[in-house]
Amino acid sequence: MGRRLAAAVHVEHPTTREWVVLEPGDEPDDDVAAEITNPDAWEADEPTSDAKEPEPDEPAAFGFTAQPEPEPEPEPAPRRRRKTADADA
């Protein structure tokens, strides 16, 4: 114990597999606290050592990877010559 929550969280208890709702100010047991991976859920006075920074090669959360690359500009169509009118007409 020792760490206090700054936000309400819903977490699955690691032993019973029941969903538990923890309120701001609660100090969960170490086994339940290990399940809370969001660093913003904890009060700021104690830094969390469980928080993992995403590595550069690792995709970002929720499937957002990077800005989509813009599509290339289409190449202009080749110019066609106009047919000349017959001089006899």
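**A guided tour of the predicted chain**

Residues are numbered from 1 along each chain as its sequence is written, and side-chain values use heavy atoms, with hydrogens and water left out.

Next, select arginine 4 and glutamate 43 and show their side chains. These two residues form a salt bridge, with 3.9 Å between the closest N and O atoms (a side-chain nitrogen of Lys or Arg within 4 Å of a carboxyl oxygen of Asp or Glu). The pair connects distant parts of the chain, 39 residues apart: arginine 4 lies in the segment before β1 (9-12), and glutamate 43 in the segment after α1 (30-33). The structure holds 1 salt bridge.

Keep the pair selected and display the surface. Arginine 4 counts as partly exposed because its relative accessibility is 38%, and glutamate 43 is placed in that class by its value of 28%. Buried means under 20% relative accessible area, exposed over 50%, and partly exposed in between (1.4 Å probe, protein chains only).

Finally, select the entire chain again. Of its 89 residues, 13% count as buried. Among contacts (heavy atoms within 4.5 Å) with a separation of 6 or more, 35% come from residues 24 or more positions apart.

How values were computed:
Predicted model: local features only at pLDDT ≥ 70, side-chain atom pairs only at ≥ 80, totals over all residues. Helix = DSSP H or I, 4+ residues; strand = E, 2+ residues; numbered from the N terminus.
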